[in-house]
Amino acid sequence: MRFPAPTFALLALAATPSIAQPPGFHDLTTIDAAVAAFTGIGAGQPGGAVMPVDRRLRLAPCYSPLVASWHGMRQDNVMVRCPDPGGWRLFIATSGNARQEAAAPPAVARGEAVTISVAGDGFAVSQSGEAMEAGSLGGWIRVRTSAKAVPIRARIERPGLVVVPID
């Protein structure tokens, strides 16, 4: 039996099991699948979503295929949106674009001493620190100012210099 495209899509959604999602809300596993399909990498892996979508979210059902795209120039967030009228948008943090980072040589090595610069509108403050991860120019890595400090995310400006922008 042949169904029109919208009917087939609805049947496919109805056949998809909903994991602990109350009736009347969007199945959040489809968002995880859309991000994994877009990045080519599963959640929790380098280049993929940092973690699965929070299962406490209650989003309106989306009857159209989800649309995923990079958000921002750093390509460390994926925007997933429902194109239905009155649809929603959700931003998913990723651990960077693995394909782009794999092609670029590392500018900072793990454990390397770096200068951490915090810059905002009309000011900049610098302090020495340590890279917790390796990364290439323009990439985002975790850094810390001392052995007991909580790591923060910073963008690699040039070898030996990372910047924490304040917007």
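**Entry 1: the barrel**

I began with the strands β4-β5-β6-β7-β8, and found that these five form a closed barrel with mixed pairing, where two strands count as paired if DSSP finds at least two bridges between them. Neighbouring strands of this sheet are turned by 50° against each other on average, direction ignored; the axes behind that angle are lines fitted to C-alpha atoms, for helices over the stretch in contact, and angles run from 0 to 180 degrees between N-to-C directions.

I noted that this is a predicted model, in which local features need pLDDT of at least 70 and side-chain atom pairs count only at pLDDT 80 or more, while totals for chains, interfaces and linings use all residues. Residues are numbered from 1 along each chain as its sequence is written, and side-chain values use heavy atoms, with hydrogens and water left out.

**Entry 2**

Which strand pairs with β4 in the parallel sense? I found that β4 (residues 113-120) pairs this way with β8 (residues 161-165) over five bridges, and that S117 has V163 in β8 as its bridge partner.

Next I looked at β6 (residues 140-144), where four of the five residues are buried, buried meaning under 20% relative accessible area, exposed over 50%, and partly exposed in between (1.4 Å probe, protein chains only). On one side I traced two bridges from β5 (residues 123-131) to β6, the two running antiparallel, with A131 opposite V143. I also followed β6 to β7 (residues 152-158), an antiparallel pair with four bridges, in which R142 stands opposite R153.

**Entry 3: the whole chain**

I counted three helices and eight strands, taking helices (H or I, at least four residues) and strands (E, at least two) as DSSP runs numbered from the N terminus. Read along the sequence, their order is α-α-β-β-β-α-β-β-β-β-β. Of the 167 residues in the chain, 30% are buried.

**Entry 4: helix α2**

Which residues of α2 (residues 29-39) are buried? I listed I31, D32, A34, V35 and T39. They lie on the same side of α2 because they cover an arc of only 160° around the axis, the arc being that of the directions from the helix axis to the C-beta atoms. I kept a general rule beside this: an α-helix has 3.6 residues a turn, so residues three or four places apart point the same way. Just after α2, I saw that G40 takes a positive phi of about 80°.

**Entry 5: β3 and the cores**

Five bridges join β3 to β2 in an antiparallel arrangement, and N77 is bridged to A93.

I then turned to the largest nonpolar core, which has 13 residues, and in which I31, V80, W88, L90 and I92 touch the most other members; such a core is a set of buried Ala, Val, Leu, Ile, Met, Phe, Trp, Tyr and Cys residues joined through side-chain atoms within 4.5 Å. Leaving aside residues up to four places away in sequence, L90 touches I31, V53, L57, L59, V78, M79 and V80, contact meaning heavy atoms within 4.5 Å. I also found a second, separate core of 11 residues, which includes V143, A154, I156 and V162.
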